[in-house]
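Work through the exercises below with the model open beside you. Try each task before you read its solution.

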Amino acid sequence: MTTLLALPYWQETGIKLGLALAIIPTTSLILVYLFLFKMMAFMQSRLGPNDTGPYGTLQLIAEAIKFLQKEDIHPAQADRRVFRMAPVVVLGSTFLLYVILPAGPDAVVENLDTGIFYAMAVSSLSVLGILMAGWSSANKYALLGGLRAAGQLIAYELPLILAVMGVVIQAETLNLQEIVVAQATGEIFGFGGIGNPFIFTQFLAFLIFMIAAQAELTQTPFDMPVAETELVGGFHIEYTGFRFLLFFMAEFGTAFAFAALASVMFLGGWWIPGFDVDDNILNVLGPGVMLGKILLISFFIFWVRFTYPRLREDQLQKFAWKVLIPLSLANIVLTGIFKVVF
Amino acid sequence: MVAQNIFFGILSAIVIVSALRMVTTRNIVHAALYLVAVLAGLGALYVLLTAEFVATTQVLVYIGAVMVLFLFGIMLTKAPLGNEMEMTGKQWPLAALVAALLGGVTIYSLLNGFGSDRLVTDGPVYRTADVSDEVFSTYIIPFEAVSVLLLAALIGAIVLARKD
């Protein structure tokens, strides 16, 4: 790594945080356009969203204008301060996730030593915002949605963290950059050409992580908190215009962040076979590779979302506590045994 | 060191104000949200002390799990929206006395134990790996004891929740 330019710490951090702030809306726009407008319209034979303007690109602008011109409504009974704060808390949790997502050897806002542990901690903050939104809306459907969200997110946070443990044991670090390096320098039966992406050795953890992430993101088989047919709209039922847009942006921004975490932990992150792990060129090529991997993983997230029916509340809880958690514990034990033996 | 002191002042002010508001507010959900602010402020103070792992654990355990369960429980049972309720119990002078005593003992023991010692500003930075090395070697017995305690609590919860 050669230093091209040296700035004081606060300037560097300021620029990086500004970039991260700009990236969140961009990533959610990419996901909304590619998957929500194009892919869902084709999969579910919906007419409209996929052909406004050239390749359906004008739909985004139409949606933005629609959201911005809507009136900012507070329910009469609502607790105004909490009501206004809730979307900010949810989006704040998303923003904190982006702080540690690495896109190259140096292309990261802050290379935290606690890495993935920090990601799990800040992603759990969004529940707080959802509970605040559900309670302060003064609407029983909203409150039910908030409570469902809390119950679901608590249940699925455990398999999520336990699945990550397998990767952490194998990489011997929590740091996301070092997890990438561990995969890049790994070998599969003595062959190091493509490194050792942990999806091969930790496939069970990958599956559990993706299922739990689907639940954390409240995407469709697990979308009881917002179930339109039961709860009208769940916790964001009373939100209009820009405040709703904040929730919407946080949902897709977090989906992008979780896809990024999965590609860092299981698919080798920003490393490209054939390059040194600290090659400066990877700071330029890395973000592109990451974007490709993230879009691949988001494709699976949204594919499941658009094709599966919703689970029942009791099925959801049973699945988390009786299937996913025992499986992820077994994965930790197995990984531990292999780590000691080999 | 100046920047640290300024941020320490700001964070302490946030924590103290939130703590006071927590015990004086008349809305139980607001009280819980102020408690979140207190815990988040403490987490930020841990970051200032370069205890990154402790700060992350604080966020994950206290805000992400304990406070969410608190709010979940409050909202599931009683969470009056809008109308204020009397939340000050009859025994508040006694509670204030106990809190003052506890605070006094803690402050006294800290002052007595450390006196005029100052935190080394350019000392070694303890990474997460160092923390885990300590936990699993020097402090292995307390760690195991806490694990057994948690297991007992878990079994107790299951026994209470079982219907048969």
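**Exercise 1. Which residues of the largest nonpolar core touch the most other members?**

Solution. Start with the term: a nonpolar core is a set of buried Ala, Val, Leu, Ile, Met, Phe, Trp, Tyr and Cys residues joined through C-beta atoms within 7 Å. Buried means that 20 or more other C-beta atoms lie within 10 Å of the residue's own; exposed means 12 or fewer, partly exposed is in between, and C-beta atoms are placed from the backbone. Now the result. The largest core holds 118 residues, and Leu128(A), Leu131(A), Phe209(A), Ala212(A) and Met265(A) touch the most other members. Helix α11(A) gives the most to this core, with 17 residues.

Two notes on the source. This is a predicted model: local features need pLDDT of at least 70, side-chain atom pairs count only at pLDDT 80 or more, and totals for chains, interfaces and linings use all residues. Residues are numbered from 1 along each chain as its sequence is written, while chains are lettered from A and ligands numbered from 1 in the order in which they are written.

Next, take one core member. Two residues are in contact if their C-beta atoms, placed from the backbone, lie within 7 Å. Leaving aside neighbours within four places in sequence, Ala212(A) is in contact with Tyr156(A), Pro159(A), Leu160(A), Ala163(A) and Leu324(A).

**Exercise 2. Describe how α11(A) and α12(A) cross.**

Solution. Find the helices. Helices (H or I, at least four residues) and strands (E, at least two) are DSSP runs, numbered from the N terminus. Helix α11 of chain A covers residues 241–266, and helix α12 of chain A covers residues 282–307.

Take the angle. Axes are lines fitted to C-alpha atoms, for helices over the stretch in contact, and angles run from 0 to 180 degrees between N-to-C directions. The two axes come within 8 Å and cross at roughly 115°. Angles under 35 degrees count as roughly parallel, over 145 as roughly antiparallel, 65 to 115 as roughly perpendicular and the rest as oblique. The pair is therefore roughly perpendicular.

List the contact. From α11(A) come residues including Ala255(A), Phe256(A) and Ser263(A); from α12(A), residues including Met290(A), Lys293(A) and Ile301(A). By class, the contact has nine nonpolar, two polar and one charged residues. Here Ala, Val, Leu, Ile, Met, Phe, Trp, Tyr, Cys and Pro count as nonpolar, Asp, Glu, Lys and Arg as charged, and the others, Gly among them, as polar.

**Exercise 3. Is Leu282(A) buried or exposed?**

Solution. Locate Leu282(A): helix α12 of chain A. Count its neighbours. Leu282(A) is buried, because 25 other C-beta atoms lie within 10 Å. Not counting residues up to four places away in sequence, Leu282(A) touches Gly104(A), Pro105(A), Trp270(A), Ile272(A) and Phe275(A).

Compare Leu204(A), in helix α9 (residues 203–216) of chain A. Leu204(A) has 16 C-beta neighbours inside 10 Å, so it counts as partly exposed.

**Exercise 4. Which elements of chain B give two or more residues to the side that touches chain A?**

Solution. Begin with the chain. Chain B has six helices and zero strands. Then count the contact: 22 residues of chain B meet 24 residues of chain A. The elements are α2 (28–48) and α3 (52–77) of chain B. The largest share, 14 residues, comes from α3(B). Finish with the classes: this side of chain B divides into 16 nonpolar, four polar and two charged residues.

Definitions and conventions: A crossing is left-handed if the near helix is turned anticlockwise from the far one by less than a right angle, and right-handed if clockwise.
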